[in-house]
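Have a look at the model first, then read on.

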Amino acid sequence: MKYFEKPGADVADRVPPGQHLAKGFPVLTYGDTPQVSQADWKLKTWGHAERKTYTWEDMMALPQQDFTADFHCVTTWSKLDVKWTGIAVPDFLQTLAVEKTASHVLLHCFGDYTTNLTLEDFNRPENFFAHTLYGEPLPVDHGGPMRLVVPHLYAWKSAKWLNGIEFLPQENLGFWERNGYHRRGEPFAEERYSGR
Ligand SMILES: Nc1nc2c(c(=O)[nH]1)N[C@H]1C(S)=C(S)[C@@H](COP(=O)(O)O)O[C@H]1N2
Ligand SMILES: [Mo]
């Protein structure tokens, strides 16, 4: 069986160094897969920002957009042109008062996974909250009912089963970042591990 494809010349410049194209869309989860219905799903914000709770309906009332994005897992597989639907992060942040002192976020998930981003890496128009994958409700293995997607960084930053955004005046490391992964994780710079 052949699990990986060699990138063709047409897409070679979109595949970061040390990465291969995956067949299909692998699932990568640390620990158990949380089962969360749309009715039970809630997203909280706290820290150096307004304290709010968004329900599923609140998110559906925001502008919805289709996104096509490349996906790079640090374990060396990439998948190009993944098709999603969701809410752009800047559109979401329009609805929230963030304090000037906030410079970083720590993303929280059902199941207690966390990952960190600078506010600058979080608040980009190509980042989005995804609830639909290839026109179908986001499968639970891929983070359904709602996940974040941050295409410009390794996919461990794309928090599945997202349920909280903590706004911070400094960098607090997330789960993998505390366990040796790079604090930022830019695939074209091969920022895989922290070197500690
Ligand atoms: N909550 C949560 N989010 C997570 C993970 C996880 O274990 N738990 N794994 C991360 C990693 S390492 C990758 S590569 C992607 C995998 O997403 P996928 O399973 O949809 O391919 O999700 C990221 N988000
Ligand atoms: Mo990953």
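Sorted by class, the shell around ligand 1 holds 14 nonpolar, 3 polar and 3 charged residues. Here Ala, Val, Leu, Ile, Met, Phe, Trp, Tyr, Cys and Pro count as nonpolar, Asp, Glu, Lys and Arg as charged, and the others, Gly among them, as polar. This is a predicted model, so local features need pLDDT of at least 70 and side-chain atom pairs pLDDT 80 or more, while totals for chains, interfaces and linings use all residues. Residues are numbered from 1 along each chain as its sequence is written, chains are lettered from A and ligands numbered from 1 in written order, and side-chain values use heavy atoms, leaving out hydrogens and water.

**Around the ligand**
- There are 20 residues around ligand 1 (a heavy atom within 4 Å), and Pro 26, Tyr 30, His 142, Arg 147 and Lys 160 come nearest.

**Polar contacts (N or O pairs within 3.5 Å)**
- Polar backbone atoms of Leu 28 and Tyr 30 each sit by a ligand 1 oxygen, at 2.8 Å for Leu 28 and 2.7 Å for Tyr 30.
- His 142 uses a polar side-chain atom instead, 2.6 Å from an oxygen of ligand 1.
- The protein covers 99% of the 530 Å² of accessible area that ligand 1 has on its own (Shrake-Rupley, 1.4 Å probe).

**The pocket**
- Ligand 1 takes up the space of the largest pocket.
- By class, the lining of the largest pocket has 19 nonpolar, 7 polar and 4 charged residues.

Definitions and conventions
A polar contact is a pair of N or O atoms within 3.5 Å; within protein, one must be able to donate a hydrogen and the other to accept it, and residues adjacent in sequence count only if both atoms are side-chain atoms. On a 1 Å grid over the protein atoms alone, a cavity is a set of points where a 1.4 Å probe fits but cannot get out, and a pocket is an open set with protein on both sides within 12 Å along at least five of seven lines; lining residues have an atom within 4 Å of a point. A molecule sits in a cavity or pocket if more than half of its atoms lie within 2 Å of its grid points.
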